[in-house]
Amino acid sequence: LLKAHRLLDFDNKRAYFRTKVKSGEAGVQTGTLRLHIRRGHAFEDSFYQLRMRSPAEMKHKLSVLFQGEEGVDAGGVTREWYQVMSREMFNPQFSLFAPVPEGGTTFQPNPSSVVQNDEARGTNHLDFFKFVGRVVGKALHDGQFVDAHFTRSFYKHMLGEQLTYHDIEAVDPDFYKNLT
């Protein structure tokens with residue numbers, strides 16, 4: 001069935017993925033990765049606290065504390081952090097992702113993301129893309145939902161798969177029609 005993946009429903013694929021992730025963690029030390037976040041600056045605060053973490057540290061249990069808010073993170077605050085980050089990754093203020101014209105709910109990397117380069121802060125727009133990848137990877141590792149809908153071509157690029165001209169349909173339907 002693994003070779004005929006189209007025969008498996010999503011729940012079986014997810015269970016298989018979770019099993020593979022957990023089996024790769026045998027003998028890994030566990031710890032806690034604590035984040036202290038200002039709610040109004042969740043993206044920036046998370047970026048500066050996670051960008052230099054090692055892959056081993058990123059596998060630790062995440063514990064989030066929103067400054068000025070009392071409470072113990074029993075999972076709900078962390079889940080809320082993932083929701084906040086899902087919105088912030090696509091925030092037009094950061095210019096990282098642009099919606100494709102068709103529908104506006106699917107995103108691809110924004111060619112104007114270079115505006116995020118800031119030598120004074122020592123940031124480069126590519127650092128922000130790496131950070132977004134870490135957040136998505138951490139969500140996959142933790143079994144958390146991230147409301148991120150990318151174009152098929154972007155997914156293929158992340159997986160290292162070959163692109164075809166059919167992939168342009170989601171990005172530019174008129175250009176695709178002209179090609180066909």
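How many salt bridges does the count come to? The count is seven, where a salt bridge is a side-chain nitrogen of Lys or Arg within 4 Å of a carboxyl oxygen of Asp or Glu. Side chains of opposite charge can pair when their charged atoms come close.

This is a predicted model: local features need pLDDT of at least 70, side-chain atom pairs count only at pLDDT 80 or more, and totals for chains, interfaces and linings use all residues. Residues are numbered from 1 along each chain as its sequence is written, and side-chain values use heavy atoms, leaving out hydrogens and water.

Start with Glu80 and Arg39. Their closest N and O atoms are 2.7 Å apart, in a salt bridge. Glu80 sits in helix H4 (residues 76-89), and Arg39 in the loop between strand S1 (32-37) and helix H2 (42-50), so the pair ties together parts 41 residues apart in sequence. Helices (H or I, at least four residues) and strands (E, at least two) are DSSP runs, numbered from the N terminus. A network of salt bridges links Arg39, Glu69 and Glu80.

Accessibility comes next. Buried means under 20% relative accessible area, exposed over 50%, partly exposed in between (1.4 Å probe, protein chains only). Glu80 is partly exposed at 29%. Arg39, at 35%, is partly exposed.

Now turn to Arg53 and Glu57. Their side chains form a salt bridge at 3.4 Å, N to O. Arg53 is partly exposed at 25%, and Glu57 is partly exposed at 27%.

Helix H5 (residues 125-142) holds both Asp142 and Lys138, four residues apart, about one turn of the helix. Their side chains meet in a salt bridge at 3.2 Å, N to O. Asp142 is partly exposed at 26%, whereas Lys138 is buried at 4%.
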